[in-house]
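This report walks through selected local features of one protein chain.

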Amino acid sequence: MSNVKIRSMDVNTADGSVYFFDITYRCIYRLHSSKVDNVHCGVSSSVYSSIAYDWIGGNIYWSDGFFNWIAVQPVSTTDKSMYRVIIQDDIEKPRAVAVDSKAGYIFWFDISPSGYRIERALLDGTVRVPIITTSLLSVEDIEIDAGERRLYWTDALRNAIESSQYDGTDRKIIYRQLNSNFRSIAVDTEDVCITVYGKKLWYCISKSTGSIGLLRSNEFLTASPNIIAISKDELRPFITDSCPTLGCEHLCVNVQSDGKCMCKEGYTLDTDGRHCTENHSLYHKGIVVSNATHICMLSVRTVTGHGDPLLCAGNAVQGCKHLAVDAGNKLIYYVDTTSNYIREYNLATHTIRQIIPVTTVSGIAFDWTDRNLYWSESTTGKLKYLTIATATAKELLHVTSPPSHLTIDPHTRTLFWVEGTSGYTMSIVSMSLVSKATSVVFDQPSPAFIKDIFFDVTSDMLYFVQSDNLYSTTRDGNDTHVYYNNLQSVDQLIIYKRYAIWSDTTSSKVYTFALQTNDLKTTNLTINLGMISALAVYDEALQRPSNGPCFHMNGGCEQLCMTGISGSAVCACSYGLTLQTDGESCSSVPQSSNFLLVPDFSHGKLFQISTTDAHITALDIDIVEKPVHAVYDPKTSFVFWSDLNDASIMKSTLSGRNVDMIFTAKGIDSYPTALAVDNSSGNLYYTVSGEADTISPGSVGVLQPSSGLVRTLVDNLNIVYGLALYPSKGLLFYTHHDKNETFLNIVRVSMDGTLPSVIITLDTDDFLTSLTIDYRSK
C-alpha cells in the first residue's frame, strides 16, 4: 500500500493484529502477520474519524466526522454491508472513540454547537450519558484502563493529558506542558504513552506522579510519530463472550453481561430477537437517482469514493422527473411527465399509486412532519400542496414570476423556491407555512442562472447553485458563503451531511464534493442508468419530527444542552458556573475576598480560586474573549483584564456589571499583556507586547481607570510580558527581549519610567511570562 495516511489505530492483543483507519483510501484495515485485509470502506476522510476494537465481541467501532455518526461492524464478516449505525442523533463531529469490552461501554468526544463533551453509551448505542461537559477544547484521542475503570485523553489545545473515572468523576490532569499539542495516547499498566504534533518523539508518563519515565526519539529522523498503541494481555481482561450462544443472524454486541443481536443497516430485528427482516431492496441510507424509466439508489458511501453497486426498484416507471422522499414510510414521490400525474412508489411493496393530476411541475418537496406534498407549476405560476392522508389539494400561493426548484425546512415550517427565468433576474424566496409571510433570501440581477436549491436540515443552511458557483446561506440570506466555483451545466443539487451531490445536463455522472475538504469525486452511471432526471436523499434518520431536543434554540439552555436518557433536553453550565432553579440559565456568586484571580485564555473565562478552601468560581462576565492577564482592585471592587481579541484592557465588577473598555493598543500588531494595580494611588500599570522599531512597538504604561488618562512610561520595547510593582520603593519591574531576540532582560525602573536598569539577563529560550515580588524578603 502506498500513500497511506493513518488517522486512528487499535490492537487485538489476542492475536497481535493491528486495525487502522487510512484517510487516503477511506478504509479500515487489519494488519496481521504482514498481511493487510480490508475490514470496511466508505469512512469519510475526516480528521474526526477514528476507530476502536471490541476485543471480546470481535467488532470494530468507528466515528465518522462527516456523516456525523458512530457505527459498528464484525471484523470477521465478508459482507461489507454488515454494519450498523448505532449513534446518529444529537451528534455533530464525533471523534476519539474508545471501547471497554468488559464493562460494555463506548466513549467518544463530540464537538457540538451546544457544548463540547465526552459521552458514554452501551455498546449498542443505548443508555447514552454525557460524562465530561466542561473545560474541553480539542480532545484528540481517548483510551481506557479496563482494570482501573478510568478514561485517559489528550487535549491538544489545553496542552494537557487528563483522566477521570467512567462516570466523569475524579477528573485529574496527569501532565501539562505549554505549547505541546498532545495527539495520540496509549495506556500501560503504570504509565500513559503519548505522541505530540510536530515532534519526532514519543514518551511515557507515570499515571501517579506525572513524571516522564521513557522518551524515544532515535527512530524518527524524518517524520513525526502520529498514532501510538500498546499490546499487552493484561490491558485487555477477557470475560466470556455471550454472543456465540445467541445465534444472531447478522451481528452481536455485548451489552455489559449479556449479548444482544443487532441487524445491519436496512434491516429490522424480528420478534425472536435473533433474525432480521429487510425493510426494502434498496439502501437504507442512499442517494436516489432516476432516469425517465427507473428509480434507483446509490449507497451514501459513494460520496467517499467507495463503489457500492447501483440498486434499482423492481418496477419500471414512466416519464420520471422530480423526486421527493418519505423515508419513514418507504415512499418516493415523482412526477410522471408522460401523463402529468404525481405518483407514489412504495419501496416495500414495489407498487405505484396515482396521487393527483398536475400541470407542468417545476419543483416538488415533501414535508415529513405533517406529510404534505408541495409542488410548483411554472406555466400557471402557482404553488400547491396536498395532504397525503386525505388526498386533499389546495393552492398555497400564486406568483407573477415562474416558480421552480422547491425545497423545505419542516422543522421551522419554511418553504423555499426560485422565481424568475434563467438569463434574467432570479430570486430565492422563502415562505413561512405558519404565517404565510414571504421574503427574498437571495436576489440575483440579470443575467441570473439559479440552477437548483436544497435546504439541509443537518446544517440548517440553504444551498444553491448560481451560474457555476455553489453557495450556502442562512435561511434569511444574511450569511452567504461560496464553496466551489467550477460547477458547469448543473442540473440537480442535493446535500447529504457534509457532502454536496449534483448531476449535470450533459453526462450521466453524479458528482460528490466534500464541503470540509474540497474533495471532488465522480460516479459514472452511463452504462447503468444513462441520463439522470432527478436526485434525492433517502435517510430516515434525517426525516425525524425533530433534530433532537437541543437543535432548536439550544433546547432553551443558556450554555450546554444535552439529550437526556428520557430524550428530553438537559441543561448544564460551563466550569465554575451553577445551573439556576429554572433549569436553563447559568450564573455564579463571586467571591468577595481571599481569592486568586486567574485568566483562562483557552476557554475565554476569568476564574476565582479561594485561598481558604480552593473553591473555584467562574465570573459571569459575558464579554471576556481571550484574557491574557487579570488583576483585582479591592478598593473599587473592579476587575481588570487584558484581552487579545481586540487588543484592549477591560474593566468590570465581579458580578459582570459596569463593563467598559479603558484602553486599546495603538499598533496593528501590538496587544496589552501584563497588568498591576498600585493600591496606594489606584493607578493601573500595564505592558504592551510588540516589536521594537516598528509601527507596533512594545511599551510600559500607566492609566487612571476612573478618568481614562494614559501615559506611556517606557517605549519602543520588544516582546514585553512580565510586570511587577514595588510601590513603597517607587519601583516597577518588567521583562522584554532585546531587538535581535538573542537574550531576555528583566528590567528595574522607577514608577515614573526613569532610571531603567537591567538586573537579570536570560536566554530567550527561557520564555518568561510573569513576575512577582516577595515583599517580606525583599
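Gly 698 has Leu 717 in β63 as its bridge partner. Strand β62 (residues 698–703) and strand β63 (residues 710–717) run antiparallel and are joined by five bridges. Two strands pair here if DSSP finds at least two bridges between them. Strands are DSSP runs of E with at least two residues, helices are runs of H or I with at least four, and both are numbered from the N terminus. β62 and β63 form a hairpin with six residues between them. In the turn, Gly 708 has a positive phi of about 85°.

The model is predicted: local features need pLDDT of at least 70, side-chain atom pairs count only at pLDDT 80 or more, and totals for chains, interfaces and linings use all residues. Residues are numbered from 1 along each chain as its sequence is written, and side-chain values use heavy atoms, with hydrogens and water left out.

β9 is mostly covered, with seven of its seven residues buried. Buried means under 20% relative accessible area, exposed means over 50%, and partly exposed lies in between (1.4 Å probe, protein chains only).

Five bridges link β9 to strand β10 (residues 105–110), and the two run antiparallel. Arg 95 stands opposite Phe 109 in β10. The hairpin of β9 and β10 has four residues between its strands. Gly 104 sits in that turn with a positive phi of about 80°.

## Cavities

How many cavities of 30 Å³ or more are there? The count comes to seven. A cavity is a set of points, on a 1 Å grid over the protein atoms alone, where a 1.4 Å probe fits but cannot get out; lining residues have an atom within 4 Å of a point. Grid points are joined across faces, edges and corners, and a volume is the space filled by probe spheres set on the points.

The largest cavity has a volume of about 520 Å³. Its lining has 30 residues, and Leu 323, Ile 364, Thr 407, Phe 454 and Ala 536 are the closest to its centre. Strands that each supply at least two lining residues are β28 (320–326), β32 (361–367), β36 (403–409), β40 (450–456), β44 (490–496) and β48 (534–539). By class, this lining has 20 nonpolar, seven polar and three charged residues. Ala, Val, Leu, Ile, Met, Phe, Trp, Tyr, Cys and Pro count as nonpolar; Asp, Glu, Lys and Arg count as charged; the others, Gly among them, count as polar.

The second largest cavity has a volume of about 170 Å³. Of its 24 lining residues, Met 9, Ile 51, Val 97, Asp 141 and Glu 143 are the closest to the centre. Two or more lining residues come from each of β1 (6–12), β5 (50–54), β9 (94–100), β13 (139–145) and β17 (182–187). β13 gives the most, with five residues. The classes are 14 nonpolar, three polar and seven charged.

## The second largest pocket

The second largest pocket has a volume of about 790 Å³. A pocket is an open set of points with protein on both sides within 12 Å along at least five of seven lines. Its lining has 33 residues, and Asn 68, Glu 92, Thr 458, Ser 459 and Phe 551 are the closest to the centre. The lining divides into 11 nonpolar, 12 polar and 10 charged residues.

Asn 68 lies in the loop between β6 (59–64) and β7 (69–74). Asn 68 counts as buried because its relative accessibility is 8%.

Arg 149 is in the loop between β13 and β14. Arg 149 is not a glycine, yet its phi is positive at about 55°. With a relative accessible area of 41%, Arg 149 is partly exposed.

Ala 156 lies in the loop between β14 (150–155) and β15 (160–165). Is Ala 156 buried or exposed? At 4% relative accessibility, Ala 156 counts as buried. Beyond its neighbours within four places in sequence, its contacts (heavy atoms within 4.5 Å) are Ser 138, Glu 140, Ser 180, Asn 181, Phe 182 and Tyr 197.

Elsewhere, a cis peptide bond joins Ser 446 and Pro 447, with omega about 0°. Pro 447 is in the loop between β39 (438–444) and β40.
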